[in-house]
Structure formats: C-alpha cells, structure tokens
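Please keep the sequence and the model in view while reading.

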Amino acid sequence: MRESLRRVALVAALLTAGTASAPSFAVNPQLADRVERGRYLATAADCSACHTAPGGKPFAGGLNLETPFGSLLSANITPDRETGIGAWSDDEFVRAMQQGIAPGGVHLYPAMPYPDFTRVTREDLLAVRAYLATLEPVRAAIDTDRLPFPFSIRSSMLVWNALNFSSGEFHSEPSRTAEWNRGAYLVTGLGHCGACHTPKGVMGGAKAQPMAGAAFLGSYAPPLDNDERTGLGAWRVEDVVSYLKSGWGGGQAATGPMALVVANSTSHLSDADLRSVAVYLKDIPAPTSSATALNKDDAAMRAGRALYLVSCSACHTSTGEGVTGLAPTLAHSAVVQAAATDTLLDVVLNGAQAVATDAAPTAPGMPAFGWQLSNDQIAEVLTYVRNDWGNAASAVSASDVQAARAHHPQ
C-alpha cells in the first residue's frame, strides 16, 4: 500500500511540475519507477544536505559551505530554468556530475564532489535528474563565488584537475562478490565517503590513503579502515549496519556532521545496501600502526582519572563501557584514540546530540563542559580517557584545548 501511494505521489509530482522546467516525457509506470529510483539515489548521495539552506526551500541552494580556501554557497538544483538546472540537457547534467564542468564550460569546485560522482553511472545520474525534475521549481539566483583571489579564478581548476582528478565510471571487480562491488560503488561514488574520511593535500586533493581519516575545519572524520585501535577493526559488519541505520553501532553514537548523514541519508537506505557498504568497509586494510599507553602514575593521568570519576563516570561508567543507547563506549573507542583530537575536544567543550532515527528515536545528548572545566582540566581528563581501559594515544595539551575553543567558540 505504501509503495502504491508513493508512486501516485510521484506521478502527481510529474503532472504538476512546472511545464517550463520539467522534461517532456510521458507519465507512465516505468517513469514513476525511474523517478523513485532517482529519489533513492539522491538520498544515498545526500544531495539535500548541501543544496538546502537553513529555512530555505529544498534543493534551492544557498547553504554556506566552508572550505580551507574560503566559503562557497551551494547551487540551486531545482528545475527552475533560469536559476536552477531546468534548462540543462541530460549531457550537460552528466558532464557536471562526472567531470565538474557546468554548461558554458564553467568549472565547478570540488566542494561539489565530482571526483567521487565521476564513478556514478550515467544511468543512475539520469535517474537522479528525473527525480530532481519533479521538484518544485524555485527561482533563487545564487552567486556561489565567494572564494578570495586567486582561488576565485575558476579556470585554475584546470590545473587542480590535472593534478588531483581522475575521471571514469565505476567498474566492478570480477574477483569480488556482487555485495562487495555494490558497497564499493556506494562508498566511493554516490556516498562520496572519501570527501570527508580521506586525508587531503595542501591543494585539497585526496592523498593516496583512502579512508584513512582527515581533519577538516575543526572536526575529524575518523579512519574507515580496519585498524583495531583507530578504525573499524573491532566492529562487526552488523555494527556498521546498525550505526548507519540507527545512529548507534559498535558502542558509538553518530553525532556532529555524521548525525546529519545518518538522519538524511543512510538511515533511509535499504538493509541490503547498508550491508554492502559494511562488507566493503570491513575489507579496507589497516595500516601498520602502534601506540603505547601513558603510565597510570603520570601526573596528568592521575588528575584526569579524578576528574573523570566526578564528571564523566555517571554516564560512561567507571570502566569506560558506557550505556547502550545512552552514553557511547570510551574503552577501545576509535574516536577516543584518534590521531587528531578535533572531534573529541568539540564534544567535551560544546556537548553533543545523538541523531534521532526511526530505529533509535530518543537521541540522548551530552552536556557541554567547556564552561565548567579549564583548559588544563580538559587536557587531563582527555589524556586519561585516551590511555586507560586498553586505550593508547598521545596526550592532550592545554594549548590543544585552547585552539579548539577558537575553532568552536561557545
């Protein structure tokens, strides 16, 4: 019944879409299927996250996108012919998505992740376009260019692309299972996971360390490789699926930018696709790494333990095990032991809110401690947390905390 209603709604959308914007194709069940598939694929790509401004019309652009080189405004991708993409041909749409070149030869910046979308098949991209054509056309002229000179010169992308971009659709690995290949297609293409989780060079191009974790504007996207300490090595396939579906998995809660990904994208994907993603991620090899925990008699460790027992143990327990669905596990946590402490510091300074999903609707939160604890105290408690219960990671300094306060003003 739900599927029938959805098809009726899609057909109605096609009939009522602005005639000046919508493509001229006949309404039929096959088209409805294509539009529905495009909706699903657009959800997998999380298009609305970047192309919808707070309080704005869906997909009408205007969201401020911070980059290490300055800020951009996202484009209007509704089917309005003058300010959106309604006048684009299919070839122009595919070229923009796969090559980063908009109509008129305008080079897009890789804030639009065409380096990942180049792997998406033309068929899938045109299904996404068919879905976008059913949206309400919104007249919203967006001047996306806000980068300072010389980054504002779009022709400079010719050099960037030559150094950092390799085009080409995804091709299945014959030696791998269909499930693994589907996961690879979603992770490296539509899902563009590497846009956040792969480290970048000084020019913003991806380094040859896929999914190895990356710091970005005061946040840290952890490794998705299988390092036992800092990656997904201790997670089962079922843990990854649960995390992407409900926001909870492997003892961890999705917060911050990942909470939005779960809320708007992965929680709406099929269980089969989520399992494919998990199977692929669990096959990413771990680099050779090691760490030695600080001595428990270290002054910072002793001070940190005392602070932890007073301020943290009520929720996370004295053994760092946490409480399922309420407080994440700190023992053997990849986030806690991450090479970069950006996310950890942000959570302690400013608090965090777990994502609310159909599978886990309660969305518990953690209070902020930035107003209560000094830089020295936060450094001590995090140094302790990163080096007890089997954890091992570098100490946190007061200067690290102060730098995080500058990134995340309270």
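Residues 24 or more positions apart account for 62% of the contacts (heavy atoms within 4.5 Å) in the protein chain with a separation of 6 or more. This is a predicted model, in which local features need pLDDT of at least 70, side-chain atom pairs count only at pLDDT 80 or more, and totals for chains, interfaces and linings use all residues. Residues are numbered from 1 along each chain as its sequence is written, and side-chain values use heavy atoms, leaving out hydrogens and water.

**Overall make-up**
- The protein chain contains 17 helices and ten strands, which are DSSP runs (helices H or I, at least four residues; strands E, at least two) numbered from the N terminus.
- Of its 410 residues, 48% count as buried, meaning under 20% relative accessible area with a 1.4 Å probe, protein chains only.

**Helices α4 and α6**
- The axes of α4 (residues 90-99) and α6 (residues 122-132) come within 10 Å and cross at roughly 115 degrees, the axes being lines fitted to C-alpha atoms over the stretch in contact and angles running from 0 to 180 degrees between N-to-C directions.
- The two helices, α4 and α6, are therefore roughly perpendicular (65 to 115 degrees).
- Among the residues making this contact are Phe93 and Met97 of α4 and Leu125 and Leu132 of α6.

**Positive phi values**
- Most residues other than glycine have a negative phi.
- Ala363, in the loop between β9 (352-353) and β10 (365-366), has a positive phi near 50 degrees.
- Met211 counts as buried at 5% relative accessibility, and Ala363 counts as buried at 15%.

Methods. Buried means under 20% relative accessible area, exposed over 50%, partly exposed in between (1.4 Å probe, protein chains only). Angles under 35 degrees count as roughly parallel, over 145 as roughly antiparallel, 65 to 115 as roughly perpendicular and the rest as oblique.
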